[in-house]
Amino acid sequence: MSSVRIQGMDVSFLDEIEQGGGAFYEGDLQRDCLHIMAANGVNSIRLRIWNDPPGGFCNLERTLVMAKRIKALGLHFLLDFHYSDVWADPAHQTKPKAWESLDFERLTQAVYDYTRLVLTELQAQGTMPDMVQIGNEITPGMLWGDGCVDGEANDNDVQWEKFAALVKAGIEAAKAVEPDLNIMIHIDRGGDNAASRRFYDRFERLGVQFDTIGLSFYPWWHGTLDDLKNNLKDLALRYDKDIVVVETAYPWTIAQNRELSFIVSKEEQLHAGYPASVQGQSDYLRDFISVIQSTPNGRGIGFHYWEPCWIPSKPEWSVGHGNNWSNLTLFDFEGRKLKSLETLKEPENVPQG
């Protein structure tokens, strides 16, 4: 069983949380959240970037600030291009407002120009990402409707070719800035081997050149750890590419809270064998890492836990995304580190190489 190389966290909300007064603690000591993570086995940080988001966070300006903090700690940096002003995921792949009226040729050029601009500015300040995602959870395509391959009406060769052309434009721009930059293609089907195969087979036929497979795996949406293990095994052998499970999470409580709502709030949403407790979260993380470690040929190179510090630092969120995630974090509601975070620095989980 090989050690993972990436033990990462997606902390895209951290900037906004801190600006809103949120604070983080290890014991009774208030500390920079990134320092807490680095001291507890985290070696990679993932940030999403939105083109022109309402509220002014996760844009280029704030990404430049956060990238300096990440690189100052010597952490691996994964940048996740959503190519949207808001969430991009299997239910939403909305074009940035500034791109809405572009024809396909100009849209493709906009993807290239924007990708190159962002990476050039990061490179200029000495904070080049180590890996980039061209799109986020793009199972149904991206930049709808031009790049939509979702549903029977859009699942055809013409739409797939347009989708692939948009992705290729992003990859070409990234490689123009840094030829050795690691490119990830990320879908949401961590426990669904048939859907994963369909997607990556199609990209292979269309000649999309990339380095790393990215998957999301949330048990309440994507199946069991056995489903994940079987998918990782097949994808590793089928495509001979590195794989990162780039999103996961698990609850440390589902106890009702009158002030908070949770996306995971029912016993039936839990994975069998892992109660909604700090211990259950720790056990889930430990076994989840073991699944990745068991991927054939060392191709399971790591993971990122999604939004471990999205604590309820303010009751209303200004940019249209209420916090329904605060029981899936690795900090409690007051920002105190949970013991589950320490799972990452257990000897069997410490990254090698």
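How do α6 and α8 run relative to each other? Hold that for a moment while I cover the ground rules.

This is a predicted model, where local features need pLDDT of at least 70, side-chain atom pairs count only at pLDDT 80 or more, and totals for chains, interfaces and linings use all residues. Residues are numbered from 1 along each chain as its sequence is written, and side-chain values use heavy atoms, with hydrogens and water left out.

The whole chain, then. The protein chain has nine helices and twelve strands; these are DSSP runs, H or I of at least four residues for helices, E of at least two for strands, numbered from the N terminus. The C-alpha trace spans about 55 × 40 × 40 Å along its principal axes. Of the 353 residues, 57% are buried, meaning under 20% relative accessible area with a 1.4 Å probe, protein chains only. Take contacts (heavy atoms within 4.5 Å). Among those with a separation of 6 or more, 76% join residues 24 or more positions apart.

Back to the helices. α6 is residues 193–205, α8 is residues 225–239, and they pack at about 20° with axes 10 Å apart. Axes are lines fitted to C-alpha atoms over the stretch in contact, and angles run from 0 to 180 degrees between N-to-C directions. So α6 and α8 are roughly parallel, the term for angles under 35 degrees. From α6, Arg 197 and Tyr 200 are among the residues that meet α8, whose side includes Asp 234 and Arg 238. By class, that contact has three nonpolar, three polar and five charged residues.

Next pair. Helix α4 (residues 104–124) and helix α5 (residues 157–177) come within 8 Å, axis to axis, and cross at roughly 30°. That makes α4 roughly parallel to α5. The residues that meet include Leu 107, Val 111 and Leu 119 in α4, and Ala 165, Leu 166 and Ala 169 in α5. This contact has twelve nonpolar, five polar and three charged residues.

Last, one residue. Phe 77 sits in strand β5, residues 76–81. Its relative accessibility is 0%, so Phe 77 counts as buried. Beyond four places in sequence, its contacts include Ile 45, Leu 47, Leu 122 and Met 131. Arg 46 is 31 residues from Phe 77 in sequence, yet 6.0 Å away, C-alpha to C-alpha.

Methods:
Angles under 35 degrees count as roughly parallel, over 145 as roughly antiparallel, 65 to 115 as roughly perpendicular and the rest as oblique. Ala, Val, Leu, Ile, Met, Phe, Trp, Tyr, Cys and Pro count as nonpolar, Asp, Glu, Lys and Arg as charged, and the others, Gly among them, as polar. Buried means under 20% relative accessible area, exposed over 50%, partly exposed in between (1.4 Å probe, protein chains only).
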